[in-house]
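Open the model in your viewer and keep the selection panel at hand. The stops below say what to select next and what is there.

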Amino acid sequence: MSSFEDVDTEETVTSLHMTLYHPGHQRSGIFQSIKFCNRETLPTSEVVKFGRNSSTCRYTFQDKQVSRVQFSLQLFKKFDSSVVSFEIKNMSKKTNLLVDDKELSYLNKMDLPDKCLIRFGDYQFLVEKEDGESLEFFEIQFFLSIRPLLQENKWLPQKPTPECGSCSPCSTQNNSPMEAGENEW
Amino acid sequence: MERPLTVLRVSLHHPTPGSATFAYVPPQVEHDASPLLVGRGPDAHLRLQLPRLSRQHLSLEPYLEKGGARLAFSLKVLSRKGSVWVNGMTLRFLEQVPLGAINRVAFSGVQMVVRIEGGTSLEAFVCCFHLSPSPLIYRLRAEETDERESVPQEQPPPGSGQGAPDHLGFLHSPLQPSPGGAPEIPLQREPLDGALS
């Protein structure tokens, strides 16, 4: 009997796509620790921390204006739901976190919408979630946007231009990298 | 100016007398604003020696409600195999529930009652542990359920040491309400499944 027939049924995993933008990223290398376009698989029980401190944060930003731990994401399962959801928590005492139009102070947390814009300081993160079946693992993938994700106080779901020259293809969920013009939306 | 810490008064009971279940439980521990892990593993902040317990079985996570000034806590199940009974609800892997002022929790034969006494510090909180030789969680009173006339005979949490019917008491908790007067979470009738054995 072939191993294909014997192996456990594959489960799709929940994917989190995060598109990052900061106006000074090219100048200051703040995203140098982030592996763009790389799909990373994490256990669902992990509390994923973002910040400046590499000892405590899985994803770090080389920016002294970023808190040692800026915010965290963790998965949970709602009752009577077969899919997992994300929860975001502000871990910064100095900087409030904006999730779309909701403001989170230190230790405030909220359910993360399936698609939303996270902002703190000059940072803008577009987060998009794709549901999967697995309760064991989830994926996270980063993209870089050279254009602001927020325009005129309303964020626009632009397709970012990924900057990850070594990976091919390196694209958004639709697998077609597009450069969005300023007037296209 | 130092602010008073939130105190979690945690009472623990396991039915096996003289067991080493609580050998690693300190009288008191101060913990920062990260989740407090409960489990069998060396990374657990509250480490219990039970073979059936997962290395990370559950967590108590501090957070702030919007507009709130005192730490709130939520309990999240981290065990893939086991489940946790919390205030009448059975939670499974990755499910979580906010905690009230007084909370009854049961998992893998352990009974745990958590009382939260709010302080204003957001930096850390303190857990004070008390080991109880007697069970902490009893059968629900009939009038505390919606089914006054036909309450099924509900067994106490397995492993509670209450084999004989005359040990099944009403819910006269040995605990007093917290001085803050915060309302106790009303218990719901939920089947006490294998999560409690």
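**Chain B**

Select chain B and follow it along the sequence: the pattern is β-β-β-β-β-β-β-β-β-β-β-β. Chain B has zero helices and twelve strands; helices (H or I, at least four residues) and strands (E, at least two) are DSSP runs, numbered from the N terminus. This is a predicted model, in which local features need pLDDT of at least 70 and side-chain atom pairs count only at pLDDT 80 or more, while totals for chains, interfaces and linings use all residues. Residues are numbered from 1 along each chain as its sequence is written, chains are lettered from A and ligands numbered from 1 in the order in which they are written, and side-chain values use heavy atoms, with hydrogens and water left out.

Of the 197 residues of chain B, 50% count as buried. Buried means under 20% relative accessible area, exposed over 50%, and partly exposed in between (1.4 Å probe, protein chains only). Among contacts (heavy atoms within 4.5 Å) in chain B between residues at least 6 apart in sequence, 65% join residues at least 24 apart.

Next, select residues 36-91 of chain B, which UniProt lists as "domain: FHA" in an unreviewed entry. UniProt positions are given in the numbering used here, feature names are shortened, and annotations may be inferred rather than shown by experiment. This stretch of chain B, residues 36-91, is 0% helix and 46% strand, with its end C-alpha atoms 18 Å apart.

Now go to B:His31, in strand β2 (residues 28-32) of chain B. B:His31 is buried, at a relative accessible area of 8%. A polar atom of the B:His31 side chain lies 3.1 Å from the backbone oxygen of B:Ser34 and 3.3 Å from the backbone oxygen of B:Pro35. Not counting residues up to four places away in sequence, B:His31 touches B:Leu36, B:His45, B:Ala124 and B:Phe125.

**Chain A**

Switch to chain A, which has two helices and 14 strands. Of its 185 residues, 48% count as buried. The UniProt record, an unreviewed entry, lists residues 48-104 of chain A as "domain: FHA". Over residues 48-104, chain A is 0% helix and 46% strand, and the end C-alpha atoms are 17 Å apart.

Select A:Ser72, in strand β5 (residues 71-77) of chain A. A:Ser72 is buried, at 5% relative accessibility. Beyond four places in sequence, the residues that A:Ser72 touches include A:Val47, A:Glu87 and A:Met91.

Then show the side chains of A:Lys78 and A:Asp111, which meet in a salt bridge (3.8 Å, N to O). A salt bridge is a side-chain nitrogen of Lys or Arg within 4 Å of a carboxyl oxygen of Asp or Glu. The pair links distant parts of the chain, 33 residues apart: A:Lys78 is in the loop between β5 and β6 (84-90), and A:Asp111 is in strand β9 (residues 109-111) of chain A. A:Lys78 is partly exposed at 39%, and A:Asp111 is partly exposed at 36%.

**Where the chains meet**

Display both chains. The contact takes 20 residues from chain B and 19 residues from chain A. Buried area is the accessible area (1.4 Å probe) that two parts lose on being put together, summed over both; here it is about 1,800 Å², of which carbon and sulfur atoms give 49%.

Which residues of chain B does A:Ser45 contact? Leaving aside neighbours within four places in sequence, A:Ser45 is in contact with B:Leu78, B:Arg80 and B:Leu94. A:Ser45 lies in the loop between β2 (40-43) and β3 (47-51) of chain A.

Five salt bridges are counted between chain B and chain A. Start with B:Glu123 and A:Lys93, whose side chains meet at 2.6 Å, N to O. This pair runs from the loop between β11 (110-117) and β12 (124-131) of chain B, where B:Glu123 lies, to the loop between β6 and β7 (97-99) of chain A, where A:Lys93 lies. B:Glu123 is partly exposed at 46%, whereas A:Lys93 is exposed at 52%.

Finish at A:Lys109 and B:Glu61, which form a salt bridge (3.1 Å, N to O). The pair crosses between chains, from strand β9 of chain A to strand β5 of chain B. A:Lys109 is buried at 18%, and B:Glu61 is buried at 3%.

Methods. A polar contact is a pair of N or O atoms within 3.5 Å; within protein, one must be able to donate a hydrogen and the other to accept it, and residues adjacent in sequence count only if both atoms are side-chain atoms.
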